[in-house]
Amino acid sequence: MKVFILLTCLAFTQVSGDILLSFGMKNFGIFEFSNPLIIPHLISYILTNIWIILGITVLIISLCLYLTAISNLDLSYVLPIHASSYVLNGVFAWLLLDEKISIIRWSSTLLIAFGVFFVGLSGSQTAQVPHNRNITPQNFPLFLFPLNAVISKSWLIVLGISLSDSAGDLLLALGMKKIGKIENFTFQSMVNLVIKIITNPMIISGIACQGIAFFCFITVLTWMDISFVRPATALTYLISMFGAKYILQEDIKERKLIGITLIGLGILVHS
């Protein structure tokens, strides 16, 4: 029940933050990478728009919940369950932002949701694994991408978000594994925890990577709907699954593989 409440709160805070950011960026106009002078204007807009400030605040809360989750559960379990927020994103974007969502986009989002369901059935093994064990990365498989592939600007940004986000996920997970489980919520224990987090180089690096992903996410919202962007970034989970297996040495069982495959099919339909 604790895990269910934690992951539910994680999903809802992620969705709420995304919707607030999307609502705030609707009035900014289209961000053009060819014009670097627009960056100071974007930063000023972010720091003064109440909806974006609220969105960032909610996402900071979501980050705290996420760190708590990955300190107690497998990354390969938390991330796909976290992807259930994509369905909620679609619903709220349709209801609150009046976005037009095609049948194909709903189909791809539901495929991702079914993938999340299968991963959820697999459960997490972290509770049975000592947190003070040393994690030695295995040999990571190489991926070959066709050099002549034609990719749109939107999908190029999505790829950048996914790579930065997945790198951040893995670094945060490695850092939290070193710190150990978050179980006590007394004032002194929370102060000690914050000190450990802000002095852990892996966690700081992970937050930096996710900061890059956040900036890319903010920019792509100036010309794309949130109901497209969030499901497209499910690519993050596929990349992170390989990292969970080969870097964190997590056990990827049959149900997880089925779920990951469905998430991959959902991204393919979405594209």
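**Notebook: salt bridges, cores and surface of a predicted model**

I searched the whole structure for salt bridges, each being a side-chain nitrogen of Lys or Arg within 4 Å of a carboxyl oxygen of Asp or Glu, and found three. I note that this is a predicted model, in which local features need pLDDT of at least 70 and side-chain atom pairs count only at pLDDT 80 or more, while totals for chains, interfaces and linings use all residues. Residues are numbered from 1 along each chain as its sequence is written, and side-chain values use heavy atoms, with hydrogens and water left out.

**Entry 1: the salt bridges**

I looked up Glu99 and found it bridged to Lys26, with the closest N and O atoms 3.5 Å apart. This pair links distant parts of the chain, 73 residues apart: Glu99 is in the loop between helix 5 (85-96) and helix 6 (103-122), and Lys26 is in the loop between helix 1 and helix 2 (38-48). For helices I used DSSP runs of H or I with at least four residues, and for strands runs of E with at least two, numbered from the N terminus.

I then checked burial, where buried means under 20% relative accessible area, exposed over 50%, and partly exposed in between (1.4 Å probe, protein chains only). Glu99 is buried because its relative accessibility is 3%, whereas Lys26, at 38%, is partly exposed.

Asp225 also forms a salt bridge with Lys26, and the closest N and O atoms are 3.5 Å apart. Asp225 lies in the loop between helix 9 (201-220) and helix 10 (226-232) and Lys26 in the loop between helix 1 and helix 2, so this bridge ties together parts 199 residues apart in sequence. Asp225 has a relative accessible area of 25% and is therefore partly exposed. I recorded Lys26, Glu99 and Asp225 as linked in a network of salt bridges.

The bridge between Lys100 and Asp98 has its closest N and O atoms 3.7 Å apart. Lys100 is exposed at 65%, and Asp98 is exposed at 54%.

**Entry 2: the fold and its cores**

I counted twelve helices and zero strands in the chain. Of its 271 residues, 48% are buried. Taking contact as heavy atoms within 4.5 Å, I noted that, among contacts between residues at least 6 apart in sequence, 86% join residues at least 24 apart.

I next examined the nonpolar cores, which are sets of buried Ala, Val, Leu, Ile, Met, Phe, Trp, Tyr and Cys residues joined through side-chain atoms within 4.5 Å. The largest has 32 residues, and those touching the most other members are Tyr66, Ile70, Leu75, Val78, Met176, Ile197 and Leu248. Helix 7 contributes the most to this core, with six residues. Beyond its neighbours within four places in sequence, Tyr66 is in contact with Leu10, Leu75, Val78, Leu79, Asp169 and Leu172. Another core lies apart from the largest one and has 29 residues, including Ile19 and Phe217.

**Entry 3: cysteines and a surface site**

I found zero disulfides, a disulfide being a pair of cysteine sulfur atoms within 2.5 Å. Cys64 is partly exposed, with a relative accessible area of 46%, whereas Cys216 is buried at 16%.

Finally, I looked up Ile258, which is in helix 12. Ile258 is partly exposed because its relative accessibility is 33%. Ile258 and Phe114 are 144 residues apart in sequence, and their C-alpha atoms are 9.5 Å apart in space.
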